[in-house]
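Subject: Structure handover

Hello,

Here is the structure we discussed. My notes on it follow below.

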Amino acid sequence: MTNTQMAGITANSGTLTATAKSSGRDRTFLVGSAAFVALAALILFGGSTYVIYTSTLVCIYGIVTVSQEWLFGRAGQISLGAAAMMLIGAYTTSYLSNYSWAVFPIPLVVALVLGGVVGLIVGIPALRLTGLYLMLTTLALQFIVSFLGQDAQGTAYEAGYIVKPPQWGSLVLSNYRPLFVITVVVLGLVLLALNGMYSGVPGRAWAALRQNEFGASVMGINVTRWKLAAYVGSSALTAVGGSLYAYQTGAVGYDSFSLDLSLALLIMVFVGGIGTKIGPLIGAGAIVILPKVLQQLSSVFAANVTVSTWLNTNEAFLSSAIYGAALLILLLFERDGLFGVGRRLYYLVIRIARALLSLRRGTEVS
Amino acid sequence: MRYTRYRIAKFSYLGHRRAKRRVSRGTGSASDQQDTTLRRHVTTSGLVVSHRKHRRIGDERGRSEDRPAERERSTQSRRIIGSRGASDASLCGSPGVEQTAMNADLNSVIVNALTTGCTYGLIGIGFVLIFRATGVVSFAQSGFMVIGALAFGSMINKGWGLPTAITLTLIFLFAAGAVIYRGIFARLAGGEVFVTSVATIGLGTLIYAISLIQWGPATITIPQEFGYGTHSILGLQISSVSLFTIILTAATFLVVLLGLHRTKLGLRMRSVASDTRLAAYLGVNVVRMSTLAWAVAATTGGLAGLVYLIAGGSNPGTVYSLGMVAFPAILLGGFDSVAGALVGGILIAALQSVISVYFNTTYQDVAAYVILLGVLLLRPQGLFGSRAVVRI
């Protein structure tokens, strides 16, 4: 009870300060985008191919989690069909890669449109109802799309459809560095667009309907339309993420986009922190990096055979156990997720530093 | 309609007579004109209740033992009737009566439908109880199924015997459900419902992962406790395990429905389901009722898992995904109807087994989800759900 109230109060004060101090928000925005570009440049020029590959994956999942957070955190709707939308985007890309007229950005755009259309078809019946019906509809979508994928692949394409590498002249875009640049640019554009929307009329509409649908409709907000907009938009962006994923892996199969992935993405968005801008990116990082950390852990314990074999056999389960436990713990103690934890740590450090500073000043005076 | 009226009257009458008896024991004066008191009770009960409300206001966790449950019953009697009709229909309709001579395909369709439908029904009980008590759509039922199946499998493979293994598994799950509610979901209560539902996803994932770490992902085989003999009942050739499943499910539903509708405890649970705040004002311990709902949900989920294991012996992944495929069945029956879960389960399972026998096995899960979409479009509250469920 107290937790939720506190979360509500902080959320409210957050929006209030955001509207009141626009200069502070501009500064945060500038610092954030500068840090984003600097980090991307650092990885691009200084990173090894492994680092670049991993960062590309983080960016791809980042596009997906950011767009899912749009739905969860802003519109207050839950979807379990993120992986299905990614599958749609990935299949589109692989299909279009066979045609020479579909030069690089075209598959992305087609995936965007197709994801939006599917989102519209699914969303219209689901979002007329209040509450958690979108959850069930998207669960159905996940199963149906996954099944159709399995049916289409059959035994002929059991390993998945091949995605021909996109090219601009002699430049192969799906190589490490070009693909990294592309994903970073797409992620940056997505973040910019969402940032603009959240601070404008749409953001306020979503905030209103998330807090109270009836209240929002009294305020003249067409609840169904705004929920639908969030769902269609997030579906379209998720499909773009799937399309980029297809470019990175070079082959797409239905089994890489299972319900497990949807659930993991959902959990990670909440673990990162919904209602925050950086939270979903943290979640995307966690979803990519946690399995790798566990792998590293088993090689650290290589001397101890029992521990390392235990780690090896239970790696996948251990990571999902950590996801689940982290979600529960964070929902209980810090609604803003890892972002909130980071913020708390930041304030703690600042407080300690100030205390130390004043202590030293005090001793100097005396 | 007449039937319904009669039921209300009978219930209020019974409740009234008991209350009367108490009054007469206490004060020594009471009229015995039952025909008139019946009517008077219906009108006075509202007054009495409102008295209580004013006196007890602010005391949300007032003890429920010190007040006559009959009074609560009479206030709730209107709700009782709504779901009673459904429950009677589902319990009395023993499918397959009209079948006399049939071929092997039809036989297996019916037996499959009953067995799988029973499993869906068992999964659904817990879902419905949790939804009614706390308004949360629980995705943790699959997790409970897996843990039930795996714990039971490991116990029986240690040679502990069927009754011991079943009892221990169920006791463990009952405790686990209660602890989980008290530890996690009671603390999340009062927040946004969708956050709590997401927490159940996390819980399901966590339980699934922990049971896989504990018992491994391999396929579990259990010794053939029943043999695999067949019995001939009403022209149906039915195997022992299927019969066991059906009997166990019927017994569980009987216990849960009778418990909900014939005991004071069930009355309190239903009062929490119908209006949590009013129930709290009237002195029902809401937290205790929700804890009970979670405990029963975990138990029945585990029961579904172990029944499924006995029926075939399977790997945890299959059990887990079965829990997800139960959603169409639950939605078809109605989110807040216990008996609806069984009816919906049997209907969906019937469709699935028709498809798998006459068409193609791979279509059966997707067919269930197509049905789910259809139900969402046409009748979102399901067959037996109340209209209010549409606005969660």
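I begin with A:Asp336, which is buried at 18% relative accessibility. Note that the model is predicted. A:Asp336 is joined by a salt bridge to A:Arg343, with 2.8 Å between the closest N and O atoms. A:Arg343 itself counts as partly exposed, at 30% relative accessibility.

Other salt bridges

Over all chains the structure holds 4 salt bridges. Another of them pairs A:Arg344 with A:Glu334, where the closest N and O atoms are 2.6 Å apart. This pair links distant parts of the chain, 10 residues apart: A:Arg344 belongs to helix H15 (residues 337–365) of chain A, and A:Glu334 to the loop between helix H14 (315–333) and H15 of chain A. A:Arg344 is exposed at 51% relative accessibility, whereas A:Glu334 is buried at 10%.

There is also a salt bridge between the side chains of A:Arg74 and A:Glu69, at 3.4 Å from N to O. Here A:Arg74 is buried, with 16% relative accessibility, and A:Glu69 is buried as well, with a relative accessible area of 2%.

A buried serine

A:Ser262 sits in helix H11 (residues 259–272) of chain A. Its relative accessible area is 2%, so A:Ser262 counts as buried, the cut-off being under 20%. The side chain of A:Ser262 comes to 3.1 Å from the backbone oxygen of A:Leu80. Apart from neighbours within four places in sequence, the residues in contact with A:Ser262 are A:Leu80, A:Gly81, A:Ala82, A:Ala83, A:Ala84 and A:Gln142.

Cysteines

The count of disulfides over all chains is 0. Among the cysteines, A:Cys59 is buried with a relative accessible area of 10%, and B:Cys118 is buried with 5%.

The interface of chain B and chain A

Chain B brings 45 residues to the contact and chain A brings 43. About 3,900 Å² is buried between the two chains, and carbon and sulfur atoms give 81% of that area. Across this interface the rule finds 0 salt bridges, and it finds 0 residue pairs in polar contact with both residues at pLDDT 80 or more. On the side of chain B that touches chain A, at least two residues each come from helix H6 (162–188), helix H7 (193–215), helix H12 (316–333) and helix H14 (363–378) of chain B. H7(B) gives the most to that side, with 14 residues.

Regards

Key: Residues numbered from 1 in each chain as written. Chains lettered and ligands numbered in written order. Predicted model: local features only at pLDDT ≥ 70, side-chain atom pairs only at ≥ 80, totals over all residues. Heavy atoms only, no water. Disulfide = S-S within 2.5 Å. Buried < 20%, exposed > 50% of the residue type's maximum accessible area, 1.4 Å probe, protein only. Contact = heavy atoms within 4.5 Å. Buried area = accessible area lost by both parts, 1.4 Å probe. Polar contact = N/O pair within 3.5 Å; in protein donor to acceptor, adjacent residues only side chain to side chain. Helix = DSSP H or I, 4+ residues; strand = E, 2+ residues; numbered from the N terminus.
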